[in-house]
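User: I am new to this structure and would like to learn how to read it step by step. Could we begin with the metal site?

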Amino acid sequence: MSRKKKNIMSFFCVGFIAVIIATIIINSVFVKNEGGIQLAIGKHSSALIGLSMASVIDYGDHYQIACHYPQTGHKKVDEDLRLLAQEEIDSFISLVKAHEQSERFTQDEKWLLGLDFTVVRHSEDIVSFVFEYSLTKDKEESTRLFSGSYDLKTETPIVLGRLFANDYDYLGLLAYLTKNSLSQREDYEQIKEEGLINNTLTAINDNYSCFALAKKHLCLYFPVGTLSTKIMQTIEVEIPFSALGDCFLLKNGQLPPFNEADLLYISANRHPKADPDKPMIALTFDDGPSIYTPKLLDYLEEYDARATFFVLGNRAEIYQETLARAVQAGCQIGNHGYNHIGEFTQMDDTTLEAQVNNTNCAIEAVVNQSRIYIRPPYGSINQEVADKLGVPIILWDIDTKDWKNNDTKIIANQVIKCAHDGAIILMHDCYFNTVEAIPLIIKALKEQEYQFVTVEEMLVTRGIEPAGGKIYYSTRVIK
Ligand code: ZN
């Protein structure tokens with residue numbers, strides 16, 4: 001290299017570094033907000049065109065936060081990404097505060113929250129972010145993966161359901177293709193031996209919620225511990241678009257239009273999954289939503305608990321916002337018939353069909369769920385009707401008789417006394433006293449390490465694949 005060329009090169013190098021530093025200094029905005037959180041937004045130039053990173057760094061006496069999240073320059077998308085990080089931070093801080101008040105707390109503890117992300121890009125407009133969340137409580141660390149995909153042109157989120165033709169069993173297809181792809185791995189025998197595959201690949205939304213869209217394939221991510229407890233890294237499965245056939249609707253960078261109902265699934269999927277090593281319980285509420293349901297959701301959110309609502313179609317139509325909020329809080333929505341006019345086992349086919357379909361329509365107007373479970377009114381069911389309905393039928397093994405025991409303490413004690421791992425509790429969110437019993441129940445059972453999860457999550461976590469036409473009373477009793 002000639003001397004002149006060398007000089008030019010070093011000039012460019014120094015210049016380039018200077019430009020980067022200047023960019024960081026100029027574009028970094030430090031905002032000290034009320035919570036004492038330092039917000040630093042740096043628009044680092046990088047190969048990731050148009051993207052930048054925002055960070056929230058904060059230190060408290062007993063905690064440390066280092067959260068990084070992407071920004072795209074598209075207002076709606078950026079607000080969604082900011083909220084996503086903020087929600088994690090808020091719930092972390094409330095966790096720390098609750099712990100500081102508890103008896104187990106010691107002064108030298110330090111809890112850490114970390115959020116980081118990687119970018120996968122299909123095209124200039126279609127981009128996916130895969131987030132890694134880590135929470136360290138003193139010495140115990142837990143991690144979680146979740147993703148967000150966006151169409152920047154229309155500033156809309158992309159959920160899996162949007163990528164596939166309506167009414168197509170895409171989860172079944174993904175389960176099949178994922179299993180196929182895993183069988184090509186060198187460590188497949190080892191994975192198979194552990195026996196987690198069937199459970200983890202069951203065709204429910206939760207299992208496929210972490211995905212990204214690359215140029216020519218769909219990436220599915222399975223965190224440590226889900227497919228194998230011995231392989232200490234995320235298992236990534238690549239499904240070529242070509243294998244997805246005609247039902248796959250992302251073609252030439254074009255997506256089908258965005259459906260508002262998809263939006264709810266994104267926040268619903270952000271909740272941490274149940275820990276199989278701890279006991280869990282499914283609170284279920286029939287006959288709502290009602291005027292008391294928002295208060296119930298306040299309680300569930302306050303204690304980071306989830307529940308399952310078996311709604312009446314005619315109530316769901318009126319309380320759409322409440323239903324949407326329940327979904328956003330990670331709750332599952334089931335079908336309890338349209339207007340509670342009688343027992344499913346006594347109805348002619350036309351009436352039964354109308355009871356079920358009209359309610360499904362009311363639910364689907366708010367949220368896209370792959371399969372809507374049914375709880376028949378009065379729990380009245382037989383195998384013939386269950387087969388006709390063709391979805392999992394959920395009954396219960398603990399009945400609070402809250403319609404009769406209209407007393408907060410009696411209802412709470414009934415649940416606390418009978419609780420066991422895998423129980424399904426029957427309650428009604430149309431009674432004030434039932435709703436007021438919830439904080440008592442949650443507080444008492446949380447002390448015994450109980451987790452409050454949805455029916456579907458509980459069944460799947462306990463290794464039961466929810467099947468159409470089967471009747472479930474708890475994770476112990478299945479017909
Ligand atoms: Zn009922």
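Analyst: A donor here is an N, O or S atom within 2.8 Å of the metal, and because water is not among the atoms, a site may look incomplete. Please keep in mind that this is a predicted model.

User: Which residues coordinate the zinc ion?

Analyst: The zinc ion is held by Asp287 through OD and by His336 and His340, each through NE2, at 2.1 to 2.2 Å. Along the sequence these donor residues follow the spacing D-x48-H-x3-H.

User: Is histidine 336 buried or exposed?

Analyst: A residue counts as buried when its relative accessible area is under 20%, and histidine 336, with a relative accessible area of 2%, is buried. In the chain as a whole, buried residues make up 49% of the 479 residues.

User: How should I read the sheet with the order β9-β10-β11?

Analyst: In general, strands of a sheet pair through backbone hydrogen bonds, either parallel or antiparallel. In this open sheet the three strands β9, β10 and β11 pair in an antiparallel way. Strands β9 (211-213) and β11 (235-240) stand at the edges with a single partner strand each, so one side of each has no neighbour in the sheet. From one strand to the next, the twist averages 20°.

User: How many bridges join β10 to β11, and what packs on the sheet?

Analyst: Six bridges join β10 (residues 217-222) to β11, and tyrosine 221 stands opposite glutamate 236 in β11. Helix α3 (residues 170-182) packs on the sheet, where it touches β10 and β11, and its direction makes about 115° with that of β11.

How values were computed
Residues numbered from 1 in each chain as written. Predicted model: local features only at pLDDT ≥ 70, side-chain atom pairs only at ≥ 80, totals over all residues. Heavy atoms only, no water. Donors = N, O, S within 2.8 Å, 3.2 Å for Na, K, Ca; no water. Buried < 20%, exposed > 50% of the residue type's maximum accessible area, 1.4 Å probe, protein only. Pairing = 2+ DSSP bridges. Helix = DSSP H or I, 4+ residues; strand = E, 2+ residues; numbered from the N terminus. Axes fitted to C-alpha atoms, helices over the stretch in contact; angles between N-to-C directions. Contact = heavy atoms within 4.5 Å.
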